[in-house]
Amino acid sequence: MTTGLYDVLIIGGGISGSSLLYELARYTDLKNIALVEKYSDLSQVNSAASNNSQTLHCGDIETNYSLEKAIKVNKAAHMLIHYAKAQKNINSLMAKYPKMVLGVGPDECALLRKRFEIFSPHFPDMRLWEADDIARIEPALVKDRKEEIVAIGVENQYTAVDYYTMAHSFVDNAKKEAGKNVEVRLSEEVLSIQKKDNIFKVKTSRGILEAKFIVVSAGGHSLLFAQNMGYGHEFSCLPVGGSYYFIPEYLNGKVYTVQNDKLPFAAIHGDPDFTAKGMTRIGPTALLLPMLERYNPKTIFDFFKVLRLDIAVIKVMLSLYSVKDIRNYILKNFLFEIPYINRRLFLKDVKKIIPSVRLEDLTFAKGFGGLRPQLIDKKNKELLLGEAKIDTGEGITFNMTPSPGGTVCLDNAHKDLKIIVNYLGCSFDEKRFNQELLNQD
């Protein structure tokens, strides 16, 4: 069965695909837009509330961000805030929690004080908190503490997002746009993509779809689709799975720790669960997993397809293992998976945030934690951090979006939108876009 011709077909119903659907429906004159998703609901993989930390990353407390990157991410994060503020159900989309990055010991404290001097002119809500301030906001961080501590953070700001609900909001609003045919095709798996006479023919589990332009926003599977079409062979994929523990409500808000610059993985942090009230998650632990979707063993075969193991990939892996901090980190996270040892070993990390935490407080959060498809650049023999995009210039774009992918979804969608506008020659209401999402007149 073949449907009519779509102007744009989006593959993947997570926060990235749904945000693009919304922007195309609202800010362009394209009439026929569709999104196809293999699961029976939107946001069932990394955008699911259980598979990410639900954080709105603004660059203020992420110590691995340069000032330049922090400013860019903050602008992108506020696009999401501007969108949410215009919705009647904002309280189901976003929440306000205190948020801070905690420095422990003289070196980390000195780093945060210096960072505050550099960053605070660009982040007017940012505050530098000494121990007494921290005790007021997060008493558990100070109780039984012997080391020097300081923190950078914000209060009374939107800091948490339910990306599952946000994706549904994008889709619902896209469908409301007058004069547009906006289709969302659930429970329909894409099997292959071919281009013939400037039209893409997409074979799915339910028939053939045709489109003038394709955007693939399917996590690690985006690279698989790209390579099947002859693109992206310079990349390999290193999926990193994150796991969490539940603890009692020691924390009132989000508490992050200083990132080790030698580690390309997230530092431990604690987060009140926005969607499971009364529960606090702490983590992540990190483990290299041979699959493209967490908890989906069917994607193991797909992983080996995109791994494309060769000498370049091996050199990158060896270079990672040659760094002592990375090698020890990988070994420790392997031990985190061994029963009996895992909780006792992880307890030491948790005590950096909450000194009074006890072993009996830690409960493994089964079924929580996602998977980031970190890309390996085989040409330059390096691990790529942040978002990755393959813009072919030929009417099809592939997005692989690890953290902070959810935060920057509207900004990334804007980049795709501009590519589509240039390729198809459609119009873009930039004034309306700037007013609504950038808060610019």
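**A buried residue and its surroundings**

Modeller: Asn 74 has a relative accessible area of 16%, and it counts as buried because the limit for that class is under 20%. The model is a predicted one. Asn 74 lies in helix 2, which runs through residues 67-85. Leaving out residues up to four places away in sequence, Asn 74 touches Cys 58 and Phe 123.

Asn 74 is one of several buried residues in helix 2; the others are Ala 70, Val 73, Ala 76, Ala 77, Met 79, Leu 80, Ile 81, Tyr 83 and Ala 84. An α-helix has 3.6 residues a turn, so residues three or four places apart point the same way.

The loop between strand 2 and helix 2 contains Gln 54. At 1% relative accessibility, Gln 54 is counted as buried. Its phi is near 60 degrees, a positive value in a residue other than glycine. Most residues other than glycine have a negative phi, and most peptide bonds are trans. Asp 197 also has a positive phi, near 55 degrees. Its place is the loop between strand 9 (190-196) and strand 10 (199-204), and with a relative accessible area of 70% Asp 197 is exposed. As for the peptide bonds, Gly 283 and Pro 284 are joined by a cis bond with omega of about 0 degrees; Pro 284 lies in strand 15.

Helix 10 (residues 324-335) has 12 residues and reaches 17 Å from its first C-alpha to its last, close to the 16 Å expected. Ile 326, Tyr 329, Ile 330 and Asn 333 are buried in helix 10. These four cover an arc of only 95 degrees around the axis, so they lie on the same side of helix 10. The buried residues of helix 10 pack against strand 15 (280-288) and helix 9.

Helix 9 (residues 311-322) includes Ile 311, which is exposed, with a relative accessible area of 56%. Together with Leu 309, Ile 314 and Leu 318, Ile 311 forms a nonpolar patch on the surface, and the four residues share about 410 Å² of accessible area.

Helix 7 (residues 220-228) is largely enclosed by the rest of the structure, because eight of its nine residues are buried. Those residues are Gly 220, His 221, Ser 222, Leu 223, Leu 224, Phe 225, Ala 226 and Gln 227. Just after helix 7, Gly 230 takes a positive phi of about 95 degrees.

Burial can also be followed through the charged pairs. The whole structure contains 24 salt bridges. One of them pairs Arg 281 with Asp 273 at 3.1 Å, N to O, and both of these residues are buried. Another joins Glu 148 and Arg 113 at 3.2 Å, N to O. This pair links distant parts of the chain, 35 residues apart: Glu 148 is in the loop between helix 5 (131-137) and strand 6 (149-154), and Arg 113 is in helix 4 (residues 106-119). Glu 148 is partly exposed at 37% relative accessible area, and Arg 113 is partly exposed at 26%.

Glu 436 and Arg 432 meet at 3.4 Å, N to O; being four residues apart in helix 13 (residues 430-437), they are separated by about one helical turn. Glu 436 is partly exposed, with a relative accessible area of 26%, and Arg 432 is partly exposed at 27%. Salt bridges with shared partners join Arg 26, Glu 177, Arg 432 and Glu 436 into one network.

Thr 28 is found in the loop between helix 1 (15-27) and strand 2 (32-36). At 7% relative accessibility, Thr 28 counts as buried. Apart from neighbours within four places in sequence, Thr 28 is in contact with Glu 23, Lys 180, Leu 417 and Ser 427. By contrast, Thr 28 and Lys 352 lie 49 Å apart in space, C-alpha to C-alpha, and 324 residues apart in sequence.

Definitions and conventions
Residues are numbered from 1 along each chain as its sequence is written. This is a predicted model: local features need pLDDT of at least 70, side-chain atom pairs count only at pLDDT 80 or more; totals for chains, interfaces and linings use all residues. Side-chain values use heavy atoms; hydrogens and water are left out. Patches are made of residues with over 30% relative accessible area and no salt bridge: like charges are joined within 9 Å, nonpolar side chains (Val, Leu, Ile, Met, Phe, Trp, Tyr) within 5 Å. Accessible areas come from the Shrake-Rupley method with a 1.4 Å probe; for residues, only the protein chains shown count as cover. A salt bridge is a side-chain nitrogen of Lys or Arg within 4 Å of a carboxyl oxygen of Asp or Glu. Helices (H or I, at least four residues) and strands (E, at least two) are DSSP runs, numbered from the N terminus. Buried means under 20% relative accessible area, exposed over 50%, partly exposed in between (1.4 Å probe, protein chains only). The expected span of a helix is 1.5 Å times one less than its number of residues. The arc is that of the directions from the helix axis to the C-beta atoms. Contact means heavy atoms within 4.5 Å.
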